[in-house]
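Subject: Handover of a structure and notes on its contents

Dear colleague,

Please find the structure below, together with its sequence. My notes on what was found in it follow.

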Amino acid sequence: MITAIEGGGNMAQSALSMDVRRVGERVSIVDIRGDVTGASEEALTDAYNRATSSETRAVLFNFEQLEYMNSGGIGLLVTLLVRANRQRQAMMAFGLSDHYRQIFELTRLDDAIGIYDDEQAALAAAGVS
Amino acid sequence: MTSSSQKPASSAQPEVIDESEIPEEVVPKEVGARDAANWAKQITELSVTDAPPEAVNLNVTGRRVVSPIQGFGRMWQKTYRVRIEGGPSPAELIAEWKTNFPAFWPERNNFYGPLTGIAPGEVALLNLAMPGRLRLSTGVLVLYADEESFTLMTPEGHMFAGWITFSAFEADGATVAQAQVLLRANDPVYEVGMMLGGFRKEDVFWIHTLRKLAAHFGVEAEPEKQVVCVDKKRQWKRAGNVRHNAAIRSGIYALGAPVRAVAAPFRRAGG
């Protein structure tokens, strides 16, 4: 598990933790818990690095326990998407609440990040039955 | 982070209730996200209301917003910062920045925002200075706003596809004001323009803005800049974005000004 405490100065302290699970050699799942903001870069990058290998073809982000996300967090997802594309990996998301699903659509991240209702549907899309 | 993210402190012992004892009808199906009020509501196309008569709205109404994913050129992250020693708190700085946003811009660049100020979901028209006394007509959507940051997202046809986040935070006893852009040039014409001086002009624009913001708080400070190329690849499948190019459309509009001036009396006479 990767845990980061974000914030500084008079900002509220908020925890972000991420677990990485491998499903076979080609698919990994990153379970996100807490807040994703512009200050989450190190934790997200670490989790992504742990989730990928030369064999990885899809990285699935589990947002079921996402508590808060701001525009800085959305920006980080875009930069991770660039890295995933460079390595010919698909990036997928599941477990988004209606609110965050709308934000993915508003920011047009859904053009490039496949969105699925749950882990089972995302794994099926990644070719894991 | 907004202050709403702080957990309430309480010294009282909480009463423990077994969830199974709560009737189903009082358990909410989905708790509202605490950032819900900070984001623009979902829209498919931009619309502008109550624009002042002097604002030109050629390239905003009916357009979709675009993220860096939909852009054409290389992806850049550009960060501009200025330290404001002995200045306001981050929340005070952002409140002032939101209220006086256009006042810090360089001359001949106009931001026509709503009278209600910068708030999530609002659309502002931009009339920007271009070479040859041309005016580029474009706009932005206020994508996100909280007490310590706000983000503007660009529409189709803008110079770049992406967003710019204005934020403030404390560092080493000072308040730091920051503008961070994540962008791709929207089409091949803009990509060439950005390489031929557009990026330098953008640097000058935001450095001027931050310098003036610091001066607003009585501080003379020189902003610093950090540039990262996030993606060197150009997205050729997005080359067709040029059909929305606001600079080309603004140029054609400017060329038609004499014709419109001659036709105006006849239009008025015709009712």
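Which residues on the other side of helix 3 of chain B are exposed? They are B:Ile252 and B:Leu255. Helices (H or I, at least four residues) and strands (E, at least two) are DSSP runs, numbered from the N terminus.

Before the details, a word on conventions. The model is predicted: local features need pLDDT of at least 70, side-chain atom pairs count only at pLDDT 80 or more, and totals for chains, interfaces and linings use all residues. Residues are numbered from 1 along each chain as its sequence is written, while chains are lettered from A and ligands numbered from 1 in the order in which they are written.

Chain B

The secondary structure of chain B consists of four helices and nine strands. Starting at the N terminus, its elements follow the order β-β-α-β-β-β-β-β-β-α-β-α-α. Chain B has 271 residues, of which 35% count as buried. Of the contacts in chain B with a separation of 6 or more, 66% are between residues 24 or more positions apart; two residues are in contact if their C-beta atoms, placed from the backbone, lie within 7 Å.

To return to helix 3 of chain B (residues 246-255), its buried residues are B:Ala246, B:Ala247 and B:Ser250. These cover an arc of only 95° around the axis, which puts them on the same side of the helix; the arc is that of the directions from the helix axis to the C-beta atoms. The buried residues of helix 3 of chain B pack against strand 5 (135-145) of chain B.

Strand 7 of chain B (residues 160-171) is mostly covered, with ten of its twelve residues buried. Strand 7 pairs in the antiparallel sense with strand 6 (residues 149-155) of chain B over five bridges, where two strands pair if DSSP finds at least two bridges between them. One of these bridges joins B:Thr151 to B:Thr165 in strand 7. Four residues lie between strands 6 and 7 of chain B in their hairpin, and B:Gly157 in the turn has a positive phi of about 95°. Strand 7 of chain B also pairs in the antiparallel sense with strand 8 (residues 174-185) of chain B, over twelve bridges, and B:Gly162 has B:Leu183 in strand 8 as its bridge partner. The hairpin of strands 7 and 8 of chain B has two residues between the strands, and B:Asp172 takes a positive phi near 50° there.

In helix 3 of chain A, the buried residues are A:Tyr100, A:Ile103 and A:Leu106. Seen down the axis of the helix, they fall within an arc of 115°, so they line one face of helix 3 of chain A. Strand 4 of chain A is included in what covers them.

The contact between the chains takes 29 residues from chain A and 32 residues from chain B. On the side of chain A that touches chain B, the elements that give two or more residues are strand 4 (58-69), helix 2 (71-86) and helix 3 (98-106) of chain A. By class, that side of chain A has ten nonpolar, 15 polar and four charged residues. Here Ala, Val, Leu, Ile, Met, Phe, Trp, Tyr, Cys and Pro count as nonpolar, Asp, Glu, Lys and Arg as charged, and the others, Gly among them, as polar.

The nonpolar core

The largest nonpolar core has 93 residues, and those with the most contacts inside it are A:Val59, A:Leu60 and B:Leu141. A nonpolar core is a set of buried Ala, Val, Leu, Ile, Met, Phe, Trp, Tyr and Cys residues joined through C-beta atoms within 7 Å. Strand 4 of chain A supplies the largest share of this core, eight residues. Leaving aside its neighbours within four places in sequence, B:Leu141 is in contact with B:Ala40, B:Leu46, B:Val65, B:Val123, B:Leu152 and B:Met153.

Positive phi in the loops

A:Arg88, which is not a glycine, has a positive phi of about 55°. A:Arg88 lies in the loop between helix 2 and strand 5 (90-94) of chain A and counts as exposed, with 8 C-beta neighbours inside 10 Å.

With kind regards

Key: A residue is buried if 20 or more other C-beta atoms lie within 10 Å of its own, exposed if 12 or fewer, and partly exposed in between; C-beta atoms are placed from the backbone.
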